[in-house]
Amino acid sequence: MVAPKPEGTTVHAGDDADFLEQATREFLAARPQLFGIAYRILGSAVEAEDIVQEAWLRWQNTDRTDILEPAAFLTTVTARLAINFAQSARVRRESYIGPWLPEPIDTTEDPQLGAERAEALELAVLFLLEKLNPVERAAYVLREAFDYPYKQVADILETSEANTRQLVSRARKHLASERRKRVSPADHKRLLEVFLAAAQTGNLAVLEDVLAADVVSWSDGGGLRGASKIPVVGRTRVSKYLAAFAPRFWPQADIRWVEANGRPAVLVSADGNAVALLSVDASAEGIDRIMWVMNPTKLLPYVASLSA
C-alpha cells in the first residue's frame, strides 16, 4: 500500500491543488463501497454517513504521497472507524426503548449498495448481525459482501488470518442457526401481499396460514411512537395481535409498495405522514419475521430518499 517517498521532492502550490483534486477523485470513487461497509457494520445510514465523513477528513489530513492503493487505505480507515463506533453504539442500544431494528435504505438505484454482491444487506440479516460483536460483524461483511481475501481482512482487523477465518465462520454459523433458507424473490413478494391483505382485514385464518409457527413480530418505535415495546412471538399470538389492531390502524392508512434493502416492503402513511415501513423475512415455513420500522428518526430519512 505504501511506497518509499522520493528524496528531494519539491511540492508547489499548483501541485497541492492537483494533489487535493486527485485525492477528491480517489475518495469519491471509493465512497459507495465505504458507505456500504459502514452501513452493514452499523445498521444505520445516518451513522454510516458520519463514518464516511470522518474517513474523508482523515484522508485529507493524511500524507498521501506514500499511498499506492487509496481504496485499500480508505477501506481500512472506514472499517476501523465503524468497529469503534459500533462498540460504543452497543452501550447506547442497550438502553433503547423497545426492540431495535436497522435503519432501512432505498436500494433501487444501487441494489448491491457498493458491494461485490448484495450480501449482508437485508434488514433481517442486519438485525441478526447486530447480535455479533463488532469485529465479527466487520469480518463477515468484508468477506461475504465485498469478497476481500482473508489475508486482507486480517490486515484491516489487525489480527491473524486464522483468527479471521474463525470470526467469519462464527458469523456464518450464527446466521445459519437463526435463519432458515430463504424463499425466492417472487415467493417473498407473494407472501408479503397475502400477509398485507390479511392484516388489513384481520383475517385470522389467512394470517395463521401464512405465518411460520415461531414467527416473531418486531416493532421499532424508539419510544417516539406507540409501538409494542416487546416482540410478539408465535403464530397464534401474532395473528390475534394483528387482528386486534387492524380496525384502528388500517382504515386511515395509505399504502405504497417500495423497496428497502433489496426486498419489497410497504410504506404505511396516514394523513400524508409516514408512520411505518413494513417488511418481512420468509422461508418455506412461511413468514418468520415481521419488522415494523416506526421510529421517525429512521423512517423519515428513508422517505426522503424515496422522494429524492
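User: Let's start with Glu-144. Which helix does Glu-144 lie in?

Analyst: Keep in mind that this is a predicted model. To place a residue, look up the element that holds it. Glu-144 sits in helix 5, which covers residues 134–145.

User: Is Glu-144 buried or exposed?

Analyst: Here you check the relative accessible area against a cut-off: buried means under 20%. Glu-144 has 14%, so it counts as buried. For its surroundings, skip residues up to four places away in sequence, and you find that it touches Arg-117, Glu-119, Val-168 and Arg-172.

User: What does helix 5 pack against, and at what angle?

Analyst: For a helix pair, read the angle and the distance of the axes together. Helix 5 packs with helix 6 (residues 150–157) at about 145 degrees, and the axes are 10 Å apart. The crossing is right-handed. On the helix 5 side the contact is made by Val-135, Ala-138, Ala-139, Leu-142 and Arg-143, and on the helix 6 side by Tyr-150, Val-153, Ile-156 and Leu-157. Sorted by kind, that contact has eight nonpolar residues, no polar ones and one charged.

User: Now the rings. What describes a pair of aromatic rings?

Analyst: Two numbers do it: the distance of the centres and the angle of the planes. Searching the whole structure turns up 10 aromatic pairs. One of them joins Phe-27 and Trp-56, with centres 4.9 Å apart and planes at 50 degrees, so this pair is tilted. Phe-27 comes from helix 1 (residues 13–42) and Trp-56 from helix 2 (residues 45–60), so the pair ties together parts that are 29 residues apart in sequence. Both ends are buried: Phe-27 at 5% relative accessibility, and Trp-56 at 16%.

User: What lies over the face of Trp-59?

Analyst: That's a charge over a ring, and you read it from the distance to the ring centre. Arg-64 lies over the face of Trp-59, 5.7 Å from the ring centre. Lys-189 does likewise with Trp-257, at 5.0 Å.

User: Which residues do ring pairs link into a cluster?

Analyst: Follow the pairs from ring to ring. Tyr-241, Phe-245, Phe-249, Trp-250 and Trp-292 are linked that way.

User: Finally, how many helices and strands are there?

Analyst: Zoom out and count elements: the protein has 11 helices and six strands. Its C-alpha trace spans about 80 × 45 × 35 Å along the principal axes. Of the 308 residues, 50% count as buried. Among contacts with a separation of 6 or more, 69% join residues 24 or more positions apart.

Conventions. Residues numbered from 1 in each chain as written. Predicted model: local features only at pLDDT ≥ 70, side-chain atom pairs only at ≥ 80, totals over all residues. Heavy atoms only, no water. Helix = DSSP H or I, 4+ residues; strand = E, 2+ residues; numbered from the N terminus. Buried < 20%, exposed > 50% of the residue type's maximum accessible area, 1.4 Å probe, protein only. Contact = heavy atoms within 4.5 Å. Phe/Tyr/Trp six-rings, centres within 6.5 Å; stacked < 30°, edge-to-face > 60°. Lys NZ or Arg CZ within 6 Å of the ring centre and 35° of its normal. Axes fitted to C-alpha atoms, helices over the stretch in contact; angles between N-to-C directions. Left-handed = near helix turned anticlockwise from the far one by under 90°. Nonpolar A, V, L, I, M, F, W, Y, C, P; charged D, E, K, R; others polar.
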